[in-house]
Amino acid sequence: MSSTMLTSGGIRHSPSTFTSSPASITLFRRLVWEGTVPLEIRVDSKELPANSNRGLECYFIQAPRVSYLPLLIPEIKRFLQDVVFDDEAARLMKEEDWWFESEEGHLLKWHWPIGLIYDNHTTLTTSRPGSSTSTRAQAVPLRLILHLASPPTDKLLLSPSAEACKQAFMGQMKEADFLRWGNTKRMTGLRKAEQDGIWEGIKERSFIPPAFPPYLRKPDHAPSDNFDDYWRVASKVTPTTLPARPGSPPAGQPSMHTRPPSADPQGAPDRDSAYNVRSVPIRLYLPEGPVLQDLAPPVLEDGSANTLADLLSLHLPLLFPAPGPGASPTLAYTLLQGVITPLEAELAWLGACMSGADGWVNICIGLGRER
């Protein structure tokens, strides 16, 4: 199956065939982990302290998809202190009062991964991307407004701090764990150091070199490549795509991101397969609408693999009619990790290879007739 990937430089085609070999599992997980989106963050001009360098209050960054807005604040604060604020304003600034809004005035959900925020905004503001490279628009920065005071606590619910973000992230991981296995034993079975290490991996990934020219960069402006460290722990709770199909024999080639049969106390090498989970943790985000969540078993009652088309035709039949003779065209498209996802994609594969760091497959629905 083919797909189209949105990157910071535009849209490109991914390989036409997906396999479930250990190498391909690692490849797609690394693509998700290393994905970034362009952000343009501008301080609300009405809240700039006196003596600020106006005209410089705009900050550009390639933010990791797996990160969260509160984790960007330390780097943004350093930029503002170095370039925009004077010493007195920098001393009085309280970053716990900072909060983000979209350019259109929508309060941003700080507990959503940045990639999800970007994809959700994309489906809200654009129609279905075309198939011709000559007509594709380049990916543009998501324009955010940074407020320095008066956070709307009644709408934010919790202070958008790094600690609150950590608690929300761990809660999402445990919920995903329960949906997959019917319990949270895999998450609660991790040592505290391992649980903390998962979050520290997100924090380290969140440091991206500022968009400064080389002569302005500081020595510590270097991205962290901690993919292997993160997945060494995350693979203990995340299913694999082996065997590749229900009833298929498991592949014999080991991988650091798939548990070997010897690690299974019951001696069943496919116990941790994505095709054997109770449900794939998946959510559907409608444009300016509700978030849909339901049990999504990886295998249907007839033994065939559950696909994205099956899920969407069940929950959104008017937008995604069931295929068949005389079927109406689809009126929407799906965006997952910046990818326009093929409807024939199997949910088990998506859950094992394309889920976010929190374990969820977050699919944004955009309106646009099939071409």
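Cys165 is buried, at a relative accessible area of 1%; buried here means under 20% relative accessible area, exposed over 50% and partly exposed in between, with a 1.4 Å probe and protein chains only. Before I go on, a word on the source: this is a predicted model, where local features need pLDDT of at least 70, side-chain atom pairs count only at pLDDT 80 or more, and totals for chains, interfaces and linings use all residues. Residues are numbered from 1 along each chain as its sequence is written, and side-chain values use heavy atoms, with hydrogens and water left out.

So where does Cys165 sit? It is one of the buried residues of H6, and that list also includes Lys166, Phe169, Asp177, Arg180 and Trp181. Helices (H or I, at least four residues) and strands (E, at least two) are DSSP runs, numbered from the N terminus. H6 covers residues 162-181, and its 20 residues reach 29 Å from first C-alpha to last, close to the 28 Å expected at 1.5 Å a residue; that expected span is 1.5 Å times one less than the number of residues. Helices H2, H7 and H8 and strand S8 are among what covers the buried residues of H6. Just after the helix, Gly182 has a positive phi of about 80°.

Now to another cysteine, please. Cys364 is buried, with a relative accessible area of 0%. Its strand, S11 (residues 361-367), has six of its seven residues buried. What runs alongside S11? Strand S7 pairs with S11 in the parallel sense over four bridges, and strand S9 pairs with S11 in the antiparallel sense, over four bridges too. Pairing needs at least two bridges found by DSSP.

Last, the cores. A nonpolar core is a set of buried Ala, Val, Leu, Ile, Met, Phe, Trp, Tyr and Cys residues joined through side-chain atoms within 4.5 Å. The largest has 36 residues, and Leu39, Ile76 and Leu80 are among those with the most contacts inside it. Elements giving two or more residues to this core include S3, S4, H2 and S9, and H2 gives the most, with seven. Leaving aside neighbours within four places in sequence, Leu80 is in contact (heavy atoms within 4.5 Å) with Val43, Phe85, Trp98 and Leu146. Apart from this core lies another, of 32 residues, among them Ile25, Leu316, Ala332 and Cys353.
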